[in-house]
Amino acid sequence: MKLSAEVFDLKDLATPAVSFAGITGGSVGVVLGMIYGDNTINVMAALLLFSIVGLDWAGAIAAAIKDGTYSSEYGKVGVIRTVVILVLPVIGRLMDLVIGTPNVAFLFITGGLIYHNFMSMTANFARAGFEKWIPNKMLQAVASEIEAKITRSEGRREAISPNQIESSSLTPATPVASIDTSENPLINSDSNQDTQKAE
């Protein structure tokens, strides 16, 4: 590679936009380190929580748009819920600092929030129509969450447009495959053997 003055020309980096982005990013990083802790485990747990909460938001909006229940009130409640989710780990960190425990409360609270929001995110994406990309075992694990979200969605839709609700349009094709014991050879292995002996 031929070196030239253009390679070392930094004038494109000295723009107001780049400076603003650098100052903002550095400031946010410092603030997050102060709030959630500056060790690697805390940073990774906080980043994972942020990512899953963001995906949960995307899935919830997609599902609400699909079934016609999105409203500004729904968005406001979501913002409040998100603020609470992101503040709870801070309370855990403060508890650790007061009690003197090494990240026990922080990781307990953050881990619980990650798990809950992961399940919520999966249910939201299933409601939004992405169930064919979600493993069936996962769909079975979040079946009750999907049903609860559909029930809340019906309530919101009725509040948005009373007397025009069609609950059948909100009920998706069941994404959770039921376990049919008559066709499962592992479940009915004893009964199959008994039938063969009788013949």
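**Exercise 1.** State which residues form one aromatic cluster, and classify the ring pair of tyrosine 36 and phenylalanine 50.

*Solution.* Step 1: Tyr36, Phe50 and Phe106 make up one aromatic cluster. The model is predicted, so local features need pLDDT of at least 70 and side-chain atom pairs count only at pLDDT 80 or more, while totals for chains, interfaces and linings use all residues. Residues are numbered from 1 along each chain as its sequence is written, and side-chain values use heavy atoms, leaving out hydrogens and water.

Step 2: Rings of Phe, Tyr and Trp (its six-membered ring) pair if their centres lie within 6.5 Å; planes under 30 degrees apart count as stacked, over 60 as edge-to-face and the rest as tilted. The whole structure holds four aromatic pairs.

Step 3: The ring centres of tyrosine 36 and phenylalanine 50 are 6.0 Å apart and the planes stand at 85°, so this pair is edge-to-face. Because tyrosine 36 belongs to helix α1 (residues 16-36) and phenylalanine 50 to helix α2, the pair ties together parts 14 residues apart in sequence. Helices here are DSSP runs (H or I, at least four residues), numbered from the N terminus.

**Exercise 2.** Determine whether tyrosine 36 is buried or exposed, and do likewise for phenylalanine 50.

*Solution.* Step 1: Buried means under 20% relative accessible area, exposed over 50%, and partly exposed in between (1.4 Å probe, protein chains only).

Step 2: Tyrosine 36 has a relative accessible area of 5% and is therefore buried. Phenylalanine 50 has 35%, so that residue is partly exposed.

How values were computed:
Helices (H or I, at least four residues) and strands (E, at least two) are DSSP runs, numbered from the N terminus.
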